Each structure stands twice: as structure tokens, then as C-alpha cells.
Amino acid sequence: MDQVGYATGETKAGYLLAPVAVQNQRFTVVDQSGRTVYTGKVGANLGGWNDGYQAVHQLDFSSVSKPGTYRIKVSGAVTATSPSFRVDTGDKLFTPMVHATTEFFQAQRDGRSTIPGRLGRGPSHLTDAKATVYAQPKFKGDGGDVPSEPLKATGGPVDVEGGWVDAGDFVKFTSNTAYSLAELGYVQRIGGNPALLAEFKHGLDWLDKTWDARTKTLYAQVGIGTGSEEFGFVGDHDVWRLAEADDKLTVKPGDEEFFIKYRPVFPAAEPGAPLSPNLAGRVAAAFALGAQLEPNPGKARRYLAEAASVFAAAKTTDVGELVTAFPHAYYPEDSWADDMELGATQLALAAARLGDLRYFTWAKQATHWAKEYLASDSKDMLNLYDTSALAHSELVKLLRRGVIAPEVSQQQVIGDLKRQLDIGTTRAAASQFRTGVDVTNFDAASRSFGFAATARLYRQLTGDKSYDAFGVRQRNFALGSNAWGISLIVGVGSTFPYCPHHQAANLAGDPNGGRRILYGAVINGPNGADNFEDLGEMPEGAIPCSRSFAAFDGQGSRFFDDLRSWPSSEPAIDFTSTALLAFGLSR
């Protein structure tokens with residue numbers, strides 16, 4: 001079941017895993033008093049899941065529309081009772097989820113402005129305020145993440161204190177931050193709240209530090225994930241600790257933990273050199289959203305100037321490998337025209353708000369980059385690696401406002417949103433749980449929320465309800481309508497991840513002897529079984545935590561709620577911002 005609930009007017013379905021097929025068996029929906037409010041028949045067998053569960057049946061109860069809390073009861077040859085679930089308005093169900101996912105960003109804060117929150121966070125990585133710049137590192141090894149030469153200092157100090165740490169570790173990535181800002185800013189613009197606005201501003205303040213408009217330098221990363229035994233240093237992923245401990249280290253150059261306290265900063269390119277266009281586009285989009293949301297006209301124009309300068313620095317010929325992270329293997333993006341489209345659309349919208357005549361130039365450029373994206377071989381759906389759904393939805397607004405000599409039409413842009421949804425619906429038709437994502441690959445949760453958000457964007461632009469049910473089922477999947485019956489958001493629902501791969505959450509002790517949770521964090525979700533073969537031992541210094549869902553693994557997919565299990569249980573800011581976007585659009 002979707003453990004957050006179902007909006008009153010939307011499609012509603014749960015799934016029964018059964019040892020044998022029980023098509024047409026009776027099920028009932030009962031309210032909190034035990035009164036039956038609906039009786040239906042179990043749907044057809046959608047296929048076996050594993051040896052123990054030879055049948056998966058959909059239970060449709062869409063006609064239940066009265067707000068309330070319910071359970072499903074199955075009787076007959078197979079008996080089962082579902083977790084409780086709610087039916088209510090979209091606002092009552094999903095506005096709290098916007099708040100929940102915002103809370104995760106509060107927990108991810110770094111620097112002086114941390115918020116204690118549920119984890120008892122304190123200031124961390126204050127040494128980032130005077131960080132040393134290093135040349136882009138080189139890597140080797142089977143995973144492409146082992147440093148192949150010593151780090152070489154090239155400049156500094158620079159102030160990169162603040163921002164959000166990316167995931168379960170403490171590295172900060174400009175690309176991922178800009179992606180999340182684009183989604184947070186969008187939701188804030190369509191109807192946010194003070195806490196969300198505060199997080200957007202916190203992230204934007206850090207992004208502002210990463211771009212030096214005077215020297216035309218963009219810093220892409222703070223910290224290094226993997227250390228080197230050969231060169232005598234450990235990386236962020238090699239030491240399990242609280243972020244607050246790093247500033248307390250006593251180290252000198254050459255010491256093994258030197259880069260834990262004095263974290264290296266890596267530029268996206270040499271000062272003044274053209275920038276990887278994926279970075280230039282999405283960073284520009286984030287600044288331009290800042291210009292749209294900032295009430296002070298002077299500050300809004302400064303954000304617009306920042307956006308314009310970084311956008312203009314994009315390298316759009318002979319691009320080569322994109323800069324995402326060091327190493328690139330961490331985030332292997334290969335699509336960039338979508339980011340340029342997103343940057344241009346947000347620049348145009350900001351210019352329109354501020355009465356800047358460059359609106360016409362940027363709106364025209366947005367159509368150009370949309371055309372380039374549509375003609376490219378690097379097309380995906382909404383997730384960290386592809387921002388086209390957001391870009392397209394904004395571009396349609398520009399086209400309706402008016403663009404001089406556009407290079408694409410509304411129909412072409414909307415058609416590509418439809419393409420993305422059609423890929424998902426085709427996959428979902430062959431899935432026992434009607435999911436459009438590949439559960440044997442990474443990013444199942446974020447891609448599910450990406451589909452849910454895209455379906456809402458498509459509906460808003462066209463009025464076409466054809467993909468409504470598909471979008472709802474993708475949200476359902478991420479919130480518990482999956483083989484493991486688990487919500488993929490920490491603290492949300494009746495069954496949720498207990499052992500996220502997250503250092504601060506794992507080590508945050510409760511003085512009252514209880515357990516603190518990383519509330520609102522979206523984790524990766526199920527993944528290919530092969531990705532769990534070499535998880536190793538519990539990290540030294542960690543509090544062991546493990547909970548098996550092996551009885552529900554199947555079809556080459558596995559979910560493992562275990563501290564070591566980064567392929568399924570690690571949260572990230574991009575996962576969570578995409579969920580926040582989906583919830584914001586679903587209200």
C-alpha cells in the first residue's frame with residue numbers, strides 16, 4: 001500500500017503477494033471502526049515474484065473517496081490484512097510530505113548554520129571557510145575512483161563553508177546542489193513555505209560561493225571521497241565519524257587525515273576557461289530562480305547577473321566528458337542540452353520578472369537548446385542526470401508568452417514529455433507492481449518520483465488526464481506499494497528504512513536512550529542483486545544496524561535495510577528534492 005495515502009479523486013490500488021494465484025477472491029476495505037465500506041474482487045495475477053510468492057494481484061479500490069483511515073482485508077484461500085492507509089485531499093496528504101523532505105535538507109546542512117534538529121547536529125567543517133584549491137584529481141582502478149597521483153595545491157584560500165552535504169557522507173557537489181535548488185525553487189515559487197524558502201536560500205548562499213564571477217572560476221566539489229594508501233591519505237568515505245569531529249582534528253600536511261579536516265576544493269575548469277555545460281546550465285538555473293524568488297530588487301538583479309555570467313561561460317562545442325564529480329564515475333552524466341535549456345528558461349523567466357530585455361535572447365536560446373536536446377542521443381527521464389522535464393514545462397510557458405523565431409513548437413516540447421511518460425507506461429505494463437523504473441538498477445526511488453512529477457507537469461500543461469493513474473502508481477511504489485512493503489522515505493509510513501547508510505544518523509545518540517531518525521530522507525530503494533555482493537564489514541566506529549527483507553527479493557532485485565547497504569539504503573539530496581517536487585505538484 002501507499003503508506004502516505006491516496007487523494008480522494010485519484011486512482012487507488014494496493015498489491016497482494018500470494019503463494020498461489022487467487023484471482024476473483026474477495027477483499028474488503030474497512031474503516032477504523034471495522035465497518036466495511038467497499039467490497040471488491042482480487043484482480044488477475046500479474047506474474048510471480050519469487051519462489052515464495054508465485055502471484056502478485058492488484059486490488060483496486062478507486063471508488064473509496066471519503067476521507068478516512070482504512071485497511072484492506074483479504075479472505076478466502078489466502079488471507080491478509082494491509083497496513084492502515086489514509087484517503088484525504090492532496091493538500092492534507094502531501095503538504096506534510098513537503099515539510100518532511102525539507103527537514104532532510106535541514107539535517108544535511110554543513111558549516112556554521114547547521115540546525116540541531118532530530119540528530120542534534122552542530123557546526124561542522126568550519127575550515128571550509130579558508131580552503132585550499134587543488135588541481136582536478138586523476139583516478140584509476142576498476143571503479144575509476146582510486147587517486148592515481150598526489151593531490152596538487154594550486155591556490156586559495158577560498159570560502160566554501162556552508163551548503164549541504166550530498167548523501168550519507170560529507171562531500172559537497174555543485175552539480176547536485178544546483179539540481180536540488182532547481183526543484184526546491186520551483187516548489188517554492190508555486191506555493192512554498194518559510195522553511196523551504198530558508199533551505200533554498202541556504203543552498204543558494206553556498207552556490208554563490210562556488211562561482212567567482214571576477215575570475216570566471218566555478219568550484220565543483222569540496223572534499224574527496226576515496227583516499228589513497230599509495231599516497232598516504234584517507235578520503236571522506238574511509239572514516240566513519242560525525243562531521244562535527246573533523247574540525248577538532250590536530251593534523252599537519254602529510255598526515256593521513258589531513259584532507260578530512262582541511263578539505264580540498266576542486267575547480268570545474270581553469271580560471272576563465274569555458275565550463276562544462278551541464279554545470280553552467282543548472283547553476284545558472286538555480287541563480288535565476290533566486291532572482292525570481294528574491295523580494296529585494298537589487299539582490300534579485302545580482303542573482304540574475306550571476307546566472308547570466310555562469311551561463312555565458314558554458315562550453316558548448318567539443319564538450320568531451322562532462323564535469324559532475326571527481327571522479328566522474330560517482331555521477332556519470334552524459335546529457336547537457338537539457339541543463340542549458342533549463343538555465344535559459346529560468347533566465348528568461350527571471351528577466352521577465354525584472355523587466356530585463358534580455359528575456360527575448362534567453363527565451364530564444366531556450367528553444368535552441370530544447371531543439372538540440374530533442375535531436376540528441378542522450379535523453380532520459382527526470383532525475384539527477386536529466387532535467388528536461390522541468391526545462392520543458394517552463395519552456396512551454398515561455399512559448400505561450402511569446403518567443404521571437406522559436407526553434408521548437410509547444411507540440412514538440414510537450415511531445416517529449418509524452419515520450420518520457422510513454423517509456424514509463426510501457427515498462428509499467430510489464431511490471432508486477434506497475435512501476436516504470438528498472439528495479440535492478442540505481443535510483444529507483446528518485447526515478448519513481450520523477451515520473452510522478454512529470455505526469456503532474458504534463459497534466460498541468462495539457463489538461464490531458466491520460467497519465468494521471470501512471471503517475472499516482474509511481475508515487476505509490478515509492479511509498480510502499482512494492483514487493484518489500486516499505487516506504488522509501490525515512491520516518492514516513494508504517495514500515496520505513498531503519499538503517500540508512502548515513503554517518504550522522506547512525507552516530508547521533510539519543511540522551512534518553514531512544515533512536516533518532518533521519519526524517520524525510522529519500523533513499524535509493526531496491527537495486528540489482530549483484531550490487532550487494534561486496535558490502536564488506538560494518539564500518540569501524542559505526543553502530544551496527546541491519547534488517548533483512550530477503551523473503552521479498554525477486555526478479556533479480558534486492559532491498560537490504562543495512563548500514564553497509566549504500567546501493568539501497570543511502571539517501572541523497574537529489575533523491576529527496578525530486579520527491580519534494582512530486583509532493584509539491586500533487587497538492
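Which residues of α1 are buried? The legends below take up this helix and then several other sites.

This is a predicted model, in which local features need pLDDT of at least 70 and side-chain atom pairs count only at pLDDT 80 or more, while totals for chains, interfaces and linings use all residues. Residues are numbered from 1 along each chain as its sequence is written, and side-chain values use heavy atoms, with hydrogens and water left out.

**View 1. Helix α1 and what covers it.**
The buried residues of α1 are G90, L93, F94, T95, M97, V98, A100, T101, T102, F104, F105 and A107, where buried means under 20% relative accessible area, exposed means over 50% and partly exposed lies in between, with a 1.4 Å probe and protein chains only. Helices (H or I, at least four residues) and strands (E, at least two) are DSSP runs, numbered from the N terminus. The cover over the buried residues of α1 includes the strands β1 (6–7) and β8 (85–88) together with the helices α2 (174–191), α3 (194–210), α12 (468–478) and α15 (573–586). With its 18 residues, α1 reaches 26 Å from its first C-alpha to its last, close to the 26 Å expected at 1.5 Å a residue; the expected span is 1.5 Å times one less than the number of residues.

R121 is found in the loop between α1 (90–107) and β9 (131–134), and R121 counts as buried because its relative accessibility is 7%. The side chain of R121 reaches the backbone oxygen of A107 at 2.8 Å, which is a polar contact, meaning a pair of N or O atoms within 3.5 Å; within protein, one must be able to donate a hydrogen and the other to accept it, and residues adjacent in sequence count only if both atoms are side-chain atoms. Not counting residues up to four places away in sequence, R121 touches A107, Q108, R109, T114, I115, P116, A243, E244 and A504, a contact being heavy atoms within 4.5 Å. H125 also has its place in the loop between α1 and β9, and H125 is buried because its relative accessible area is 0%. Although H125 is not a glycine, its phi is positive, at about 55°.

**View 2. Y70 in strand β6.**
Y70 lies in strand β6 (residues 68–74) and counts as buried because its relative accessible area is 5%. The side chain of Y70 reaches the backbone oxygen of K66 at 2.7 Å. Leaving aside neighbours within four places in sequence, Y70 is in contact with V29, V30, D31, V37, V64, P83, S84, F85 and V87.

**View 3. Salt bridges.**
Side chains of opposite charge can pair when their charged atoms come close. A salt bridge is a side-chain nitrogen of Lys or Arg within 4 Å of a carboxyl oxygen of Asp or Glu, and a search of the whole structure finds 33 of them. D380 forms a salt bridge with R447, with the closest N and O atoms 2.9 Å apart. This pair links distant parts of the chain, since D380 is in the loop between α8 and α9 (388–401) and R447 is in helix α11 (residues 444–462), 67 residues apart. Both D380 and R447 are buried. In another salt bridge the side chains of K397 and E394 meet at 2.7 Å, N to O, and because K397 and E394 are three residues apart in helix α9, they are separated by about one helical turn. K397 is partly exposed, with a relative accessible area of 32%, whereas E394 counts as buried at 0% relative accessibility.

Most residues other than glycine have a negative phi, and most peptide bonds are trans. The peptide bond from G156 to P157 is cis, with omega near 5°, and P157 is found in strand β12 (residues 153–158). A cis peptide bond also joins F326 and P327, with omega about 10°, and P327 has its place in the loop between α6 (297–312) and α7 (337–354). N24, in the loop between β2 (13–18) and β3 (26–31), has a positive phi near 75° and is a residue other than glycine.
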